[in-house]
Amino acid sequence: MQRKLLQTTHAVTAVIAPLLILTFLIATIVAEINGSLALIIMVKRDIAYSLLLLLPTMAALGISGTRLSNHQNTLESTKKLRMAFIAANGVLILVPCALSLYWLANHGLIDSRFYIIQALELTFGCVNLILIALSIRDGLKLSGHMPKQRAAL
Ligand code: HEM
């Protein structure tokens, strides 16, 4: 029962986390293309507040994965290493970027500083999304929902 709960938590958070990040990236690109200051401020504010949902989701994803792991598998070690990178990238780069972009937009400072931070956020956001996708693939192999290796032709 305990393991079942961990598996459900892990699977649900593995869906919510990348969807949130993807939504942030799409909303950012749409606001930049549209160019309206009001829309940029709204998107930056919503992203900043949505961190209150994303951060606990990522924590639950990492904790449930670690508790499901039996520490004997190469795929699990790779996922743990990736998770550490995802977390460091999130805490050290993406969260500060999201908060400063909200602050700058809110003060009408859509200048070169804003665009440099925005480019950094988009780049590292995509990196995290790719790492999460790789962990989903490895997770599906671990849970037996995807074959571990294709048979040699
Ligand atoms: C970005 C972070 C992660 C994502 C997106 C992710 C995603 C997934 C997914 C989609 C599954 C398959 C669930 C299912 O088929 O029901 C899974 C399973 C699993 N993951 Fe993760 N995972 C992440 C982090 C971790 C971490 C840090 C560990 C620790 C080693 C881990 C260990 C496992 C294990 C052991 C399973 C198999 C669970 C089972 O069915 O017994 N995951 N993961």
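This text walks through the structure, from the whole chain down to single residues.

The model is predicted, so local features need pLDDT of at least 70 and side-chain atom pairs count only at pLDDT 80 or more, while totals for chains, interfaces and linings use all residues. Residues are numbered from 1 along each chain as its sequence is written.

Start with the overall plan. The protein chain has 4 helices and 0 strands. Helices here are DSSP runs of H or I with at least four residues, strands are runs of E with at least two, and both are numbered from the N terminus. Read from the N terminus, the order is α-α-α-α. Along its principal axes, the C-alpha trace spans about 55 × 40 × 20 Å.

Next, look at burial. A residue is buried if 20 or more other C-beta atoms lie within 10 Å of its own, exposed if 12 or fewer do, and partly exposed in between; the C-beta atoms are placed from the backbone. The protein chain has 153 residues, and 23% of them count as buried. Contacts tell another part of the story. Two residues are in contact if their C-beta atoms, placed from the backbone, lie within 7 Å. Take the contacts with a separation of 6 or more: 78% of them join residues 24 or more positions apart.

Ile-21 sits in helix α1. It is buried because 21 other C-beta atoms lie within 10 Å. Leaving out residues up to four places away in sequence, Ile-21 touches Gly-125, Asn-128 and Leu-129. Ile-21 and Leu-54 are 33 residues apart in sequence, yet their C-alpha atoms are 8.2 Å apart. Lys-141 belongs to helix α4. It counts as partly exposed because it has 15 C-beta neighbours inside 10 Å. Ser-77 is in helix α3. It is exposed because it has 12 other C-beta atoms within 10 Å. Ser-77 and Gly-35 are 42 residues apart in sequence and 43 Å apart in space, C-alpha to C-alpha.

Now follow α3 as a whole. This helix has 33 residues. From first C-alpha to last it reaches 46 Å, close to the 48 Å expected at 1.5 Å a residue. The expected span is 1.5 Å times one less than the number of residues. A kink of about 40° is centred on Gly-90. The bend at a residue is the angle between axes fitted to the seven residues ending there and the seven starting there. Gly-90 is also among the buried residues of α3, as are Ile-86, Leu-94 and Leu-101. The cover over the buried residues of α3 includes α2 and α4. Just after the helix, Gly-108 takes a positive phi of about 70°.

Helix α4 has 31 residues and reaches 45 Å, close to the 45 Å expected. Its buried residues include Gln-118, Glu-121, Gly-125 and Asn-128. They pack against α1 and α3. Gly-144 follows α4, and its phi is positive, near 85°.

What lies inside? In soluble globular proteins, nonpolar side chains tend to be buried together. A nonpolar core is a set of buried Ala, Val, Leu, Ile, Met, Phe, Trp, Tyr and Cys residues joined through C-beta atoms within 7 Å. The largest one here has 20 residues, and Ala-17, Ala-98, Leu-101 and Ala-105 touch the most other members. α1, α2 and α3 each supply at least two residues of this core. α3 gives the most, with 8 residues. Beyond residues up to four places away in sequence, Leu-101 touches Lys-44, Phe-114, Ile-117, Gln-118 and Glu-121.

Finally, turn to the ligand. It is surrounded by 23 residues, the closest being Gly-65, Ser-69, Met-83, Gly-139 and Ser-143. The largest share, 6 residues, comes from α4. By class, the shell has 10 nonpolar, 10 polar and 3 charged residues. Here Ala, Val, Leu, Ile, Met, Phe, Trp, Tyr, Cys and Pro count as nonpolar, Asp, Glu, Lys and Arg as charged, and the others, Gly among them, as polar.

Methods: Near = placed C-beta within 6 Å.
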